[in-house]
Amino acid sequence: MFVADAGSLLDIVEADPSIIQLVAAHLGDLRIPAPALLKIDNAKAYEIQRLGVSVHECKTEDLLEAAPNNLSLSFEERLCLITARDEKWTLVTHDLVLKRICDSDGVRSVCALDLLFQLLKGAHISQVTANHIASNLRQINPKFMTQERVDSYIIAITKLGNSKK
């Protein structure tokens, strides 16, 4: 199971919307907390749901815990972190601060490149497709998808492709 922040879902949809469908079909259910979905414009929110992202209704306790702004995160990002922690789901994020907090709190987090790698490993996408989407992600979110990160990902998928031959 995955819970995703709005920013990472928007990056993925812009890079290649089929990734959301492939993740839902092959890697696990993909969810977004209802308050995070409300921060996205209606057309994009509809598109995200149409592609297979489920809306997660948060408990009142989670909403209350997310309310105090004691971290460098938005309310919605804190809610994603709390949901991942409490439900023991993997958080999909492209936010550097949120990723760092996940790492320090022992919450598993991944980015779109990690999802692409798992889809490639399971033979659900081709190496060419994975490289193309990685390049798109780099253009969409160069702050998180640094050239170094994308290069290391491309090396890893090339090695994976060579080991299957």
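**Rings, cysteines and a helix**

Me: How many aromatic pairs does the count come to?

Reply: The count is 0 aromatic pairs. Rings of Phe, Tyr and Trp (its six-membered ring) pair if their centres lie within 6.5 Å; planes under 30 degrees apart count as stacked, over 60 as edge-to-face and the rest as tilted. This is a predicted model, where local features need pLDDT of at least 70 and side-chain atom pairs 80 or more, while totals for chains, interfaces and linings use all residues. Residues are numbered from 1 along each chain as its sequence is written, and side-chain values use heavy atoms, leaving out hydrogens and water.

Me: Which charged end sits over the ring of phenylalanine 144?

Reply: That of arginine 149, 4.0 Å from the ring centre. The rule wants NZ of Lys or CZ of Arg within 6 Å of the centre and within 35 degrees of the ring normal.

Me: New topic: how many disulfides are there?

Reply: The search of the whole structure finds 0; a disulfide needs two cysteine sulfur atoms within 2.5 Å.

Me: Why is helix α1 largely enclosed?

Reply: Because 7 of its 10 residues (6–15) are buried, including Leu9 and Ile12. Helices (H or I, at least four residues) and strands (E, at least two) are DSSP runs, numbered from the N terminus.

Notes
Buried means under 20% relative accessible area, exposed over 50%, partly exposed in between (1.4 Å probe, protein chains only).
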